Amino acid sequence: MDRHPRDSDRISVLVADITTLKVDAIVNAANNSLVGGGGVDGAIHNAAGPQLWEECRRIGGCPTGEACITRGYRLAARWIIHTVGPIWQGGDDGEDDLLACCYRNSLNLGRQYGIKSIAFPAISAGVYGFPMERACRIALREMKAFQKNNSEIEIIAVCFSNGAYQCYQDAMREL
Ligand code: AR6
């Protein structure tokens, strides 16, 4: 696995398919219904298998900015943390705060379950239209804030394109 540690060796950025990672938890960029979608959500459901869909259906839904947890089923990851990012409306509708909540709530939930490693996709920065650069800065800020008090937990920012990787590198330099 090609990891690129920067100023904190507990936060890495890598280009990968998140469904292949051997970590304690991967995060899903879900929708409010928790059942079905495209993008990383579709890839995670395909890889984890139908039991994931069943568990998500039983949970019943998740409000924007919040997070819930399921088993990982066929994934190498033991847990999947599902969070629902905001749909980009232009930036004046509380999108930044809601996106920050997604990272914060996912990390806190992971900690409650005793995870030692967690991988995030770029939540909201696909179908939901959040500008990638802005999304990466918010993600990294929240990861760093969490790590101040939780340095034993390894956090991985997973990029699905070189463009996303570049945005994370820029955010790493800025923050
Ligand atoms: N591994 C890592 N990152 C991925 C993968 C993958 N396998 N596949 C896509 N990405 P998106 P959103 C990246 O659209 O914007 C779904 O239908 C992708 O390139 O998956 O939060 C849900 O059900 C992008 O950078 O999530 C919702 O309805 C990032 O993951 C809606 O999409 C997020 O893109 C959520 O939209």
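Colleague: Which residues of H5 are buried?
Modeller: The buried residues of H5 are Ala-164, Tyr-165, Cys-167, Tyr-168, Gln-169, Ala-171 and Met-172. Buried means under 20% relative accessible area, with a 1.4 Å probe and protein chains only. Please note that this is a predicted model, in which local features need pLDDT of at least 70, side-chain atom pairs count only at pLDDT 80 or more, and totals for chains, interfaces and linings use all residues. Residues are numbered from 1 along each chain as its sequence is written, and side-chain values use heavy atoms, leaving out hydrogens and water.

Colleague: What span should H5 have?
Modeller: Helix H5 covers residues 162–174, so at 1.5 Å a residue its 13 residues should span 18 Å. The expected span is 1.5 Å times one less than the number of residues. The end C-alpha atoms of H5 are 18 Å apart, which agrees.

Colleague: How many helices and strands are there in the protein chain?
Modeller: There are 5 helices and 7 strands. These are DSSP runs, numbered from the N terminus: helices are H or I with at least four residues, strands E with at least two. From the N terminus, the order is β-β-β-α-α-β-β-α-β-α-β-α.

How values were computed. Buried < 20%, exposed > 50% of the residue type's maximum accessible area, 1.4 Å probe, protein only.
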